[in-house]
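This briefing concerns strand pairing, helix packing and aromatic pairs in the structure shown below. Please keep the model open while reading the points that follow.

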Amino acid sequence: ILEQSKHNVSTALNASKALNILSDKSKTIDLILLDLIMPGMNGMELLQKLKKDENTNHIPVIMLSALDEIDTIVECINLGAEDFLIKPVNRVLLRARLNNALEKKHLRDKELKYQKEIKKEQQKSETLLLNILPGSIAERLKDGETPIADDIDNATVLFADLKEFTTLSSEMKAQDLVMLLNNVFSVFDGLLAKYTLEKIKTIGDNYMLAGGIPEPNEKHAEHVAEMALDMLDSLPNINKETQNSMQMRIGINSGPVSAGVIGNKKFIYDLWGDTVNVASRMESFGINNHIHVSESTYQIIKELYEFEKLKKLDIPGKGKMQTYLLEGRI
């Protein structure tokens, strides 16, 4: 009957041969007609096995039996059978049940395909979100928390500025300029993971990062100092690869900050407060290819690194400030 209806049919005389057919990856099985009474493993046992296997549990099964017993029918349906036919099989009834089962499977397959596509798009969105926000902040945003704003007692903020970049930007094409910045900042991005730091943002040729946010980290100042040293060490190689002679100023400051997410659409995770402003001043009043450190950062890591004490600087909005140059690890 099935072949006359132009279906491709595979037959098996027992459960073992049926399982061999189902394990053949070259064949796609859309429906199983399963006798209750078979040699060896009976139909109900095979049905249970099929429904426990993730490779076969999606295939609809129509049970066949000469036993006209309601208890047997109910048990097969409870075990996951799609339908039940009494032998001898009625041709018209078989075709009707068959078409119904295949239609249901077709709809289920389409639903599974859509679910996979939705999951794929969700993963893309989550990856994009994690490229914009720290992981814990992204989770809070997905959970519906808004606004996101935190007061962080101890953090260290770093600003790095590429010197000579303004001159380069007037001499280079836009695409070459973007590629150069991408090469530089990609190296810095790669260093972040070593020290569990967060990149906050880039503003033109300025790179901002922080330690101790959004999760507390006792070694926030030390990790930022190590990052700064690595950034300076990487610059000669970057210049060699890009055939440039860029220099860099780095400023670091430690203290309390406010952190949160700004915006509803093109949102960013950002930091505010006096600690951030002073870190920016450390970079602005720094020296090319040196790491300019505030008094507060110096006090945290002075036992770990060598410093050069500078003359007090008159910082706009802050007055006289004692600052240092971080030279390297002791």
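Two strands are taken as paired if DSSP finds at least two bridges between them. Helices (H or I, at least four residues) and strands (E, at least two) are DSSP runs, numbered from the N terminus. The model is predicted: local features need pLDDT of at least 70, side-chain atom pairs count only at pLDDT 80 or more, and totals for chains, interfaces and linings use all residues. Residues are numbered from 1 along each chain as its sequence is written, and side-chain values use heavy atoms, with hydrogens and water left out.

**The open sheet and its helices**

- Four bridges join β1 to strand β2 (residues 61–65), and the two run parallel; within this pairing, I62 of β2 is the bridge partner of L33.
- The order β1-β2-β3 describes an open sheet of three strands with parallel pairing.
- β1 (32–35) and β3 (83–86) stand at the edges with a single partner strand each, so one side of each is left without a neighbour in the sheet.
- From one strand to the next, the twist averages 25°. Axes are lines fitted to C-alpha atoms, for helices over the stretch in contact, and angles run from 0 to 180 degrees between N-to-C directions.
- Helix α2 (residues 43–52) packs on the sheet and touches β1 and β2 (contact means heavy atoms within 4.5 Å); the direction of α2 makes about 175° with that of β2.
- Helix α4 (residues 91–132) also packs on the sheet, touching β1, β2 and β3, and its direction makes about 170° with that of β3.

**Strand β9 and its partners**

- Four of the five residues of β9 (residues 290–294) are buried, so this strand is largely enclosed by the rest of the structure. Buried means under 20% relative accessible area, exposed over 50% and partly exposed in between (1.4 Å probe, protein chains only).
- Strand β7 (residues 247–262) is joined to β9 by four bridges and runs parallel to it; I252 has V293 of β9 as its bridge partner.
- Four bridges also join β9 to strand β13 (residues 323–329), here antiparallel, and V293 stands opposite Y324 in β13.

**Aromatic pairs**

- Rings of Phe, Tyr and Trp (its six-membered ring) pair if their centres lie within 6.5 Å; planes under 30 degrees apart count as stacked, over 60 as edge-to-face and the rest as tilted. By this rule there are six aromatic pairs.
- The ring centres of F188 and Y207 are 5.3 Å apart and their planes are at 80°, so the pair is edge-to-face.
- F188 lies in helix α7 (residues 174–192) and Y207 in strand β6 (residues 206–211), so the pair ties together parts that are 19 residues apart in sequence. Both residues, F188 and Y207, are buried.
- Y298 and Y324 form a stacked pair, 3.8 Å centre to centre with 10° between the planes.
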